[in-house]
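Dear colleague,

I am handing over the structure we spoke about, and below it I have set out what was found in it. Please read the notes with the structure open beside you.

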Amino acid sequence: MLMGQLAFARPHLGMGYVLVVQGKAAGKKTLDEIRAANIKVGVMMSTPIDDYLFTNKISRELFLDNRRLMRAMANDEIDAGLVWGPAIAVARREFPNAKFQMVPGYVPEPGQRFNLNFVVRKQDKSMMEFINKGIEELLANGRIKQIVESYNVPFYPPFS
């Protein structure tokens, strides 16, 4: 689509897979701790995080989507999961009494996180400048963080 005619604005947000725990996994902070406790990790099948768990020989339980994975957690069928960050906000609305929580301070590891950028036509230099300046200001004053967290989605500044 418009090959060679588009350019990325500076990243405005980091997004990634986050570790959610409860039950036997409560208090665990890392995948290594979960592996050592021999706890299966719920994961969406055929995703980069599924490949990561498979490659690193971390026991996993496969789900078709994050919603089913979070339902299994809400029903106490699994005790750990790796989900796309915004899935937690959706799950909190759907399962308000569930016990799961994102591991406090968890930061997705390289290969499990990505930056979000706007795309602009290369010829629209003034538009690119406007967007980049706005992103810089909104990151500096914390407004992007405030908006993202208002939806109960974990905020990560753009990853370098």
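Does D76 count as buried, exposed or partly exposed? D76 counts as partly exposed, because its relative accessibility is 46%; here buried means under 20% relative accessible area, exposed over 50%, and partly exposed in between, with a 1.4 Å probe and protein chains only.

Please bear in mind that this is a predicted model, in which local features need pLDDT of at least 70 and side-chain atom pairs count only at pLDDT 80 or more, while totals for chains, interfaces and linings use all residues. Residues are numbered from 1 along each chain as its sequence is written, and side-chain values use heavy atoms, with hydrogens and water left out.

Salt bridges

D76 forms a salt bridge with K99, and their closest N and O atoms are 3.0 Å apart; the term stands for a side-chain nitrogen of Lys or Arg within 4 Å of a carboxyl oxygen of Asp or Glu. This pair links distant parts of the chain, since K99 lies in the loop between α4 and β6 and D76 in the loop between α3 and β5, 23 residues apart. Helices (H or I, at least four residues) and strands (E, at least two) are DSSP runs, numbered from the N terminus. K99 counts as exposed, because its relative accessibility is 60%.

By this rule there are nine salt bridges. Another one of them joins K145 to E149, with the closest N and O atoms 2.9 Å apart, and both residues lie in helix α6 (residues 143-150), four residues apart, which is about one turn of the helix. An α-helix has 3.6 residues a turn, so residues three or four places apart point the same way.

Strands and a helix

Strand β3 (residues 41-44) runs parallel to strand β4 (residues 60-63), and four bridges join them; two strands are said to pair if DSSP finds at least two bridges between them. From β3 the chain crosses through helix α2 (residues 48-55) to β4 in a right-handed β-α-β crossover, meaning that, with the strands pointing away from the viewer, the path from the first strand over the helix to the second runs clockwise. β3 also pairs in the parallel sense with strand β5 (residues 80-84), over two bridges, and there V43 has L82 as its bridge partner.

Finally, helix α4 (residues 86-94) has A87, I88, A89 and A91 as its buried residues.
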